[in-house]
Amino acid sequence: MKEHDIRPEHLLERYLELSAADAVSCFSGVQRQTIPCIACGHTDHQPEFEKNGFAYASCLKCGSLFQVPRPSRDTFEAFYRHAASNRYWSEVFFPAVAETRRHLIFKPRAENLSALLARKGIHADRIIDVGAGYGILLDEWRLLHPQTHRVAIEPSSFLARECRAKGIEVIEDMVENVTETCGCANLVVCFEVLEHVHDPLVFLRTLARLVVPGGHVFVSTLGVDGFDIQILWEKSNSIFPPHHINFPSVSGLWHLFSRAGLVDVEITTPGVLDVDIVRNAARRDPHLLHGQRFVEKIIADDALAGSMQRFLIENKMSSHTWIIGRKPG
């Protein structure tokens, strides 16, 4: 898989343009407040950079990168309801790559998650996907586990219709407002949502509330320890406020899951695109890696690039991060 397979450059550029415009139209003049680290809760941090009018800082305890000072939850919720970039993602960007992503992302994702559960001896007869989007993950899960009861929690009415069309039970609401499914699932999964949420600790505690005692919470997100984010930093397209505001470190994720009351936490970084993302960024901006001869040598050679990506996976240094934890009881 290559980055352009799932994020065609012309679609990505338009999405980033709309996001930058939304940062101005939805957040100019709003009040912002200092917050503790979104992962470990430590109060000391150091400023790093500003992008689209949003400042980012690194936690001095766990190294997590997060947006601070932060606008209110209500401001973010209004942004997600009305922003042009969200409509573009749901109605233009994702439909254009949906089937490609099914083949390259969602099918392998379902298979790998199924293998993870089998390795850990976890049986899930009721699964909830929070932020289910088009429901493709649950659709692929049905093929692997046809007896599993599948529930999608999806606040977008457009995306909720897509899930229902696939025969999935849908709760059309923000997960924080959901009460009817509390304590009834064996497994709650949430892919690529944590980087968006206003308060990751509150969000993770909400996910934990949905599972039975002894059940599991699985999350995938973007991590600051990843090779592409460390190399590209503020020039990374993965860091694009107002959408992506949380980039916990591996250490920070341990703290976050522990603070949410989850145990037996396991963290992996199975991402396969870090090196390709850096290669593409350097192609767009030939001066980006000036002086970084070692990195330039790696990304210029396909064999070295492949070896480097495997190294990143094995050493928890890819930005694409998987975390699973168990609710005690």
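A charge sits over a ring if NZ of Lys or CZ of Arg is within 6 Å of the ring centre and within 35 degrees of the ring normal. Keep that in mind for the first stop. The model on screen is predicted.

**Stop 1: charges over rings**

Select Arg32 and Phe54. The charged end of Arg32 lies over the Phe54 ring, 4.4 Å from the ring centre. Now pick Arg109 and Phe106. Here the charged end of Arg109 is placed over the ring of Phe106, at 5.1 Å from its centre.

**Stop 2**

Strand E3 covers residues 54–59. Show E3 together with E2, E4 and E11. These four strands make an open sheet in the order E2-E3-E4-E11, and the pairing is antiparallel. Which strands are the edge strands? They are E2 (45–51) and E11 (246–247), each pairing on one side only.

Zoom in on E2 and E3. Six bridges join this antiparallel pair. For a landmark, select His45 and find Cys59 of E3 opposite. Strands of a sheet pair through backbone hydrogen bonds, either parallel or antiparallel. Turn on the backbone atoms to follow them.

**Stop 3**

Move to strand E10, residues 211–222. Is this strand mostly covered or mostly open? Mostly covered: nine of its twelve residues are buried.

E9 and E10 run parallel, with six bridges between them. Val188 faces Val217 of E10 across the pair. Together E9, H7 and E10 build a right-handed β-α-β unit. Trace the chain from E9 through H7 into E10.

Now show strand E13, residues 320–326. E10 and E13 are antiparallel and share seven bridges.

**Stop 4: aromatic rings**

Colour Phe, Tyr and Trp. The structure contains 17 aromatic pairs. Start with Tyr15 and Trp89. Why is this pair called tilted? The ring centres are 5.3 Å apart and the planes meet at 40 degrees, so the pair is tilted; planes under 30 degrees apart would count as stacked and over 60 as edge-to-face.

This pair links distant parts of the chain. Tyr15 belongs to helix H2 (residues 9–27) and Trp89 to helix H4 (residues 84–120), 74 residues apart. Tyr15 is buried because its relative accessibility is 7%, under the 20% limit. Trp89 is partly exposed, at 26%.

Go on to Tyr134 and Phe158. This aromatic pair is edge-to-face, with 6.2 Å between centres and 80 degrees between planes. Tyr134 sits in the loop between strand E6 (126–130) and helix H5 (136–144), while Phe158 is in helix H6 (residues 157–165). The two are 24 residues apart. Tyr134 is buried at 10% relative accessible area. Phe158 is partly exposed at 24%.

Zoom out and select one whole cluster. Tyr15, Trp89, Phe93, Phe94, Phe106, Tyr134, Phe158 and Phe240 form it. Phe106 was also the ring under Arg109 at the first stop.

**Stop 5: salt bridges**

Side chains of opposite charge can pair when their charged atoms come close. How many salt bridges does the whole structure hold? A search finds 14.

Select Arg14 and Glu17. Their side chains form a salt bridge of 3.4 Å, N to O. Both are in helix H2, three residues apart, which means about one helical turn separates them. Arg14 is partly exposed at 40% relative accessible area, and Glu17 is partly exposed at 47%.

Next, Arg164 and Glu172. This salt bridge spans 3.2 Å, N to O. Arg164 is partly exposed at 41%, as is Glu172 at 37%.

Asp302 lies in helix H12 (residues 302–314) and Arg279 in helix H10 (residues 274–284), so the bridge ties together parts 23 residues apart in sequence. Asp302 is exposed at 59%, whereas Arg279 is partly exposed at 21%.

Key:
Residues numbered from 1 in each chain as written. Predicted model: local features only at pLDDT ≥ 70, side-chain atom pairs only at ≥ 80, totals over all residues. Heavy atoms only, no water. Pairing = 2+ DSSP bridges. Phe/Tyr/Trp six-rings, centres within 6.5 Å; stacked < 30°, edge-to-face > 60°. Buried < 20%, exposed > 50% of the residue type's maximum accessible area, 1.4 Å probe, protein only. Right-handed = clockwise from strand over helix to strand, strands pointing away. Salt bridge = Lys/Arg side-chain N within 4 Å of Asp/Glu carboxyl O.
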